[in-house]
Number of protein chains: 2
Amino acid sequence: MSDIEIAQQAKMRPIIDLAGETFGIPAEHLDPYGHYKAKISLEYVNSLTNNSNGKLILVTAISPTPAGEGKTTTTVGLGDALNRLGKKTIMCLREPSLGPCFGVKGGAAGGGYSQVVPMEDINLHFTGDFHAIGVAHNLLSALIDNHINHGNALDIDPRRIQWKRVIDMNDRALRKITIGQGGPANGYLREDGFDIVVASEVMAILCLATSRADLKERLGRIVIAYKSDRITPVYARDLKAHGAMAALLKDAIKPNLVQTLENNLAIIHGGPFANIAHGCNTVTATQTALKLADYAVTEAGFGADLGAEKFIDIKCRMSGLKPSIMVLVATVRALKFHGGVNKEDLNVENLAALETGFANLERHFNNIKNHYGLPCIVCINHFSFDTDAEIALLQQKCEAIGAKCVLSKHWAQGGAGAEDLAREVLAIVDNRAAEFSYVYDAEQPLWDKIETIATKLYGAAAISASPKVMAEIKALQVNHGHFPICMAKTQMSFSTNPNSKGAPSGHTVEISEVRLANGAGFIVAIAGDMMTMPGLPKVPAAERIDISDAGVISGLF
Amino acid sequence: MSDIEIAQQAKMRPIIDLAGETFGIPAEHLDPYGHYKAKISLEYVNSLTNNSNGKLILVTAISPTPAGEGKTTTTVGLGDALNRLGKKTIMCLREPSLGPCFGVKGGAAGGGYSQVVPMEDINLHFTGDFHAIGVAHNLLSALIDNHINHGNALDIDPRRIQWKRVIDMNDRALRKITIGQGGPANGYLREDGFDIVVASEVMAILCLATSRADLKERLGRIVIAYKSDRITPVYARDLKAHGAMAALLKDAIKPNLVQTLENNLAIIHGGPFANIAHGCNTVTATQTALKLADYAVTEAGFGADLGAEKFIDIKCRMSGLKPSIMVLVATVRALKFHGGVNKEDLNVENLAALETGFANLERHFNNIKNHYGLPCIVCINHFSFDTDAEIALLQQKCEAIGAKCVLSKHWAQGGAGAEDLAREVLAIVDNRAAEFSYVYDAEQPLWDKIETIATKLYGAAAISASPKVMAEIKALQVNHGHFPICMAKTQMSFSTNPNSKGAPSGHTVEISEVRLANGAGFIVAIAGDMMTMPGLPKVPAAERIDISDAGVISGLF
């Protein structure tokens, strides 16, 4: 059965009942969206402040491959397994982006028997958060061009506008556009472009904001452009945009509650890109789960070098969250890919390639242990093509580097298939304090922070940048030197070359661009070409997505 | 108090309870969106098919002016009044567009003590219908450029693509743009543009569709472009887009239930532009209200020459709906504006201008009586600036042309203020069959239909068109001669000149463009420049919109 078919057979419980029975969330603090989705009121979230914190478990992965690793699936499977073992656990996931559903990827709500439901709703519109983010972003865009059209009293340099437009669609034709054509009634001609909604700074802001006041303050301090003197920033608050933007996010700021196939609660809230943003769900969602449950299982985008690093250095640093452990998800197929096997040949046993590709896992494991200061369990997300010899080899390789390695069959078996993993996680987190390390200090200069990340985590020998970029970093250092770094590099490799698999070393990381995300509160350091607007493939998933006369959706994976 | 302050003091009932108690709608057929909004399942809608129909009352208006007429306010006030008189009544309104909220207009959920609530939700995102329409539209746009990028197997002529992109924002800079810039990875360069979401054909389709199957069929037959032979149409179904588009509209197709300040039910569903589309809420919503209630009060966009004509000739013709009466809303201020008074001087008594401007009302009244074959009551929507002498003159002028005229104070007094109006409406609709006339026959050639509308309703002497447009109409006649016409002309005047107030006669209506809306099933005849993407004013309403730390929204009128 396909994921959607499994999801459609789920016996869902009414979410208000489930939330009340399992965690005592009062119905009046839940805004239902249909019968199986609800938003939690901020008043209720705030009422939990004095509760003690549960243990925070982060699921991360080796460097992503086209073979798929199953990070969300593992987060759900592990959470279901913990609940099966009688441990009160809530899962915290990112909201899927709508655009990619119609491209290659299909849905993003777990897979097999480890899914969150209602799967169609979660993948299509959900509770409207991303639409609200998109409108808030585009309101600011419209206000910028409107301000210039009506006389430009703020002296915005139209050549130095940083704020693009966004749409939740994979649409390459909108990457670079010219706007304001057609004469004076349509404003001034300039170059612009659309990013996908998950790349919006508004998304990053929503995910890091700790209250409505903080949200509005962050929105107001977004730097949208520079004045004609080239150096004076223009802020969103100069356009009086932040009040209306925050009003548009009035519901988006509230965490969303859904359930797994096994009727355990999951909070799905926020979903920033893991390259030009920090790739984690909202601070509010994670904190709420920790206040309600004894264990919260969450995920971060891409591999342990990207999403997990930002989870530590951005999300935890800003919010005070303290993780207890990381689970590093790998598959035999993905490791063989890192060992040089073509995508088409991954189902064939190949011990040599597995051994070679293991270098990728080893680097991530050591990074977690040595640089995040956290215990790490390797989870082999089982595929039916995996051979016994491959699994045995992988376990042996893990043992050799001192890594606990658990074969997990949650995709096929749900929570029952991840009980071993859950037991190993419990054995560690129940017996240690939630201590961890940041990769760099907040006080280090921006350049040093980037260098620290690249040399410690990526195995790079050095970083470099053009004189122009160096000067920009120097300029940002003056007022924003204390900001954390949000590295934007390819997720496919430790280096900046996506084709460099395994665990490359000694390379130079060239910083091609830096961007100030003043509202989010970090500096984006871009290494290589970053895609902030995906395209659709030759045969888009949209072609197979359908709905029956009775309203049953098909073709969404 | 401002509209939003009045709305925030409303004592709302939980919508599920209210719907169950007043009309017996079972809770399991309602999808709650928070506690005060709900969607009605299509299964329930279909279960009502054999119920008898209530009486359908259409609220329309004189030609709109910047002074405001209060059509939505009157629809709500009249509905509340009918309920006060013990008549089971449901109001059917259009959903407000988000973009204009941030421009001049502010909210659009009635006014004063005749409003629908929750006002902030209805104006901001509501249940997400317009977002879903926008994404469905833009998915098709992305699929078109993606198809061309991947080899253009369908031989789409990129110069003859009819399908633009949409956004729910007043953003003049997006009216005319160039897309696909930046090299081969971003596709092929071409001119494009964004319309506001309410102008999307997907919106018109959703409002006219009678089932999920009909919706998908209509989406599939949208003409997106022509092939390089210049004449062979390319349909959305050729791109296999219609299944995914219909899936995106899975919830948008369900009518939305809210309540008035007086706790009476209102269905708010759909909101197409009244110029390039037909300007009425969904057929599904109106039919549902008629099956549930004894009276349904609804509205149509702009004046009685535009929205009401399309209500008759498009919505009623396609759906079999039968109106019983039209209520023609006018204000003393608006009539003075039609009589030549400047916007700034409308609060000063001016009997001469009122008398001159009355010509506009008279033409609309006669059109309704003679060409729609319906009884018409004139409703004077009372403003505190109106003088006794002005009201007396207006009543006397109405009497002289045989028009029943009722002064109505629902803005200030809610339903109680519209009881006189309600009684007059009842006196008529309870004593006549629901008979009416179309303005033209479906069998007339397209050109004749346009001419009939212009000469009968607008007082025009003739219509004209360039040889190019004439040829296009001739070409459309072959396969689409039976389609109704959707006239797109300025709403400000009976002529095509927005500054020609009152009741101009003898003018020529120049048809500058025709467009095939094959999914909606009508031909758009454009007379003059039609704005399908508004701009923001120098001081946008967005600047004053705000939200407090506790989540209370202000500045939304």
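Contact here means heavy atoms within 4.5 Å. By this rule, the contact between the chains takes 72 residues from chain A and 72 residues from chain B. The model is predicted: local features need pLDDT of at least 70, side-chain atom pairs count only at pLDDT 80 or more, and totals for chains, interfaces and linings use all residues. Residues are numbered from 1 along each chain as its sequence is written, chains are lettered from A and ligands numbered from 1 in the order in which they are written, and side-chain values use heavy atoms, with hydrogens and water left out.

Buried area is the accessible area (1.4 Å probe) that two parts lose on being put together, summed over both. Chain A and chain B bury about 6,000 Å² between them. Carbon and sulfur atoms hold 61% of this area. On the side of chain A, the most area is lost by A:Arg172, A:Lys250 and A:Ile547. Together they account for 9% of what that side buries.

Polar links also cross the interface. A polar contact is a pair of N or O atoms within 3.5 Å; within protein, one must be able to donate a hydrogen and the other to accept it, and residues adjacent in sequence count only if both atoms are side-chain atoms. The rule finds 35 such residue pairs between chain A and chain B, both residues at pLDDT 80 or more. The largest share of the side of chain A that touches chain B comes from H7(A), with ten residues. Helices (H or I, at least four residues) and strands (E, at least two) are DSSP runs, numbered from the N terminus.

Eight salt bridges span the interface of chain A and chain B (a side-chain nitrogen of Lys or Arg within 4 Å of a carboxyl oxygen of Asp or Glu). A salt bridge joins the side chains of A:Arg165 and B:Asp171, at 3.0 Å from N to O.

Aromatic rings were examined next. Rings of Phe, Tyr and Trp (its six-membered ring) pair if their centres lie within 6.5 Å; planes under 30 degrees apart count as stacked, over 60 as edge-to-face and the rest as tilted. The count over all chains is four aromatic pairs. A:Tyr33 and B:Tyr33 form a tilted pair, because their ring centres are 5.8 Å apart and their planes stand at 55°. A:Phe194 lies in strand S11 of chain A and B:Phe194 in strand S11 of chain B, so the pair joins two chains. A:Phe194 and B:Phe194 are buried as well.

Notes: Buried < 20%, exposed > 50% of the residue type's maximum accessible area, 1.4 Å probe, protein only.
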